[in-house]
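This briefing goes through one protein structure, topic by topic. Please keep the sequence and the 3D view open while reading.

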Amino acid sequence: MSPYSSLSSTTMSILSHHSGPYSPQTRLSPRLRFHETYVTAVEAAPSHPLSSIPSTRYYLPTATFHNTNGVTYSTSDTIWEWMGTLFAPVEYLHHENISLLEIERNVTDAETGETKKQWVLYQEAIRCLRLKGWESKGYEEVRIPIFMVFVVEEAAKEDVGTEGLGFKEVSIWWDEKVLLDAIRGKQN
C-alpha cells in the first residue's frame, strides 16, 4: 500500500526543466541542488561508503524506495543499507543526466485535511559504472539507462535532511540485472 493512499494532489506546477549536467542554473532550485548533493554522495560511494553518511541526510525516516524488480524498501536505514550493498563491488560510478524535471504540487491528507507542498523530480540518465579491478583488466564500464522519480518534502526535524529537504518516496526503472550479471561475471 502506498504511503500516499490518503493524499490527494490538488494543484501542480512545472518549476523547471533542465537537460544535461547540473549547472549554476539548476543550483538555483533548492530541490535540484539537494538532488545534486545526493547524486554526488552516491557517486562517491566507491571511495566514501554510504555507511559513513547518516541515512536521514537524504531520506526521511519513513521513506520508501520502489525498485524496478518489484521490491520496496521502507525506512531510510533500509534504503541506505541496500544501496551500500548494491554499490559495494563498484570502483567507479557516474550519472550522465539527460533530463531533470521539477514539479511542485500541493497535496491534501484525506484523514487530517492538512495541505502541504511536495516537489516531484523526474530524472532520466545513464548510470555508468565499473566494477573493482575492471580498469586494470581493460574492461569497459557498464552503462545502464535509468529513469527515477523522487518525491521531496520538507524535513520535519532539524537533524533530518539536507537544507531542510528529504526524499519521501523514490522509484527507479532500470535493468538492475545488467549490473548483477556484471558482478556475477566478475566473481566467476
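Is lysine 117 buried or exposed, or does it fall in between? Its relative accessible area is 39%, so lysine 117 counts as partly exposed. The model is a predicted one.

**Salt bridges**

- Side chains of opposite charge can pair when their charged atoms come close.
- Over the whole structure, the search finds nine salt bridges.
- One of them joins arginine 31 and glutamate 102, whose closest N and O atoms are 2.7 Å apart.
- Arginine 31 and glutamate 102 are both buried.
- Lysine 117, the residue of the opening question, has a salt bridge with glutamate 104, at 3.6 Å from N to O.
- Here the link runs between strands: lysine 117 is in β5 (residues 115-131) and glutamate 104 is in β4, so the pair ties together parts 13 residues apart in sequence.
- A further salt bridge is formed by the side chains of glutamate 141 and arginine 143, with an N to O distance of 3.2 Å.
- Glutamate 141 has a relative accessible area of 26% and is partly exposed; arginine 143, at 42%, is also partly exposed.
- Glu141 and Arg143 belong to a network of salt bridges that also includes Glu96.

**Cavities**

- Rolling a probe the size of a water molecule over the atoms shows where empty space is left.
- Two cavities of 30 Å³ or more are found in the whole structure.
- The largest cavity holds about 60 Å³ of space.
- Its lining consists of His35, Tyr38, Val39, Val42, His95, Gln123, Arg127, Ile146, Met148 and Phe150.
- Helix α1 gives the most to this lining, with four residues.
- At least two lining residues of the largest cavity come from each of α1, β5 and β6 (142-154).
- By type, the lining of the largest cavity has six nonpolar residues, three polar ones and one charged one.
- The second largest cavity has a volume of about 40 Å³.
- Around the second largest cavity are Tyr38, Phe65, Trp82, Met83, Leu86, Phe87, Arg127, Met148 and Ile172.
- Helix α2 (residues 76-86) supplies the largest share of that lining, three residues.
- The lining of the second largest cavity has eight nonpolar residues, one charged residue and no polar residue.

**Aromatic rings**

- The count of aromatic pairs comes to 15.
- In one of these pairs, the ring centres of tyrosine 38 and tyrosine 59 are 5.8 Å apart and the ring planes are at 80 degrees, so the pair is edge-to-face.
- This pair links distant parts of the chain, 21 residues apart, with tyrosine 38 in helix α1 and tyrosine 59 in strand β2 (residues 59-66).
- Tyrosine 38 and tyrosine 59 are both buried.
- A cluster joined by ring pairs contains Phe34, Tyr38, Tyr58, Tyr59, Trp80, Phe150 and Phe167.

**Charges over rings**

- Arginine 130 lies over the face of tyrosine 92, with 4.9 Å to the ring centre.

**Positive phi angles**

- Threonine 75 is not a glycine, yet its phi is positive, at about 85 degrees.
- Threonine 75 is in the loop between β3 (72-74) and α2.
- With a relative accessible area of 34%, threonine 75 is partly exposed.
- Glutamate 163 is another residue other than glycine with a positive phi, near 50 degrees.
- The loop between β6 and β7 (165-174) holds glutamate 163.
- Glutamate 163 is exposed, at a relative accessible area of 56%.

Terms used:
Residues numbered from 1 in each chain as written. Predicted model: local features only at pLDDT ≥ 70, side-chain atom pairs only at ≥ 80, totals over all residues. Heavy atoms only, no water. Salt bridge = Lys/Arg side-chain N within 4 Å of Asp/Glu carboxyl O. Buried < 20%, exposed > 50% of the residue type's maximum accessible area, 1.4 Å probe, protein only. 1 Å grid on protein atoms, 1.4 Å probe; cavity = no way out; pocket = protein on both sides within 12 Å on 5 of 7 lines; lining within 4 Å. Points joined across faces, edges and corners; volume = space filled by probe spheres on them. Nonpolar A, V, L, I, M, F, W, Y, C, P; charged D, E, K, R; others polar. Phe/Tyr/Trp six-rings, centres within 6.5 Å; stacked < 30°, edge-to-face > 60°. Lys NZ or Arg CZ within 6 Å of the ring centre and 35° of its normal.
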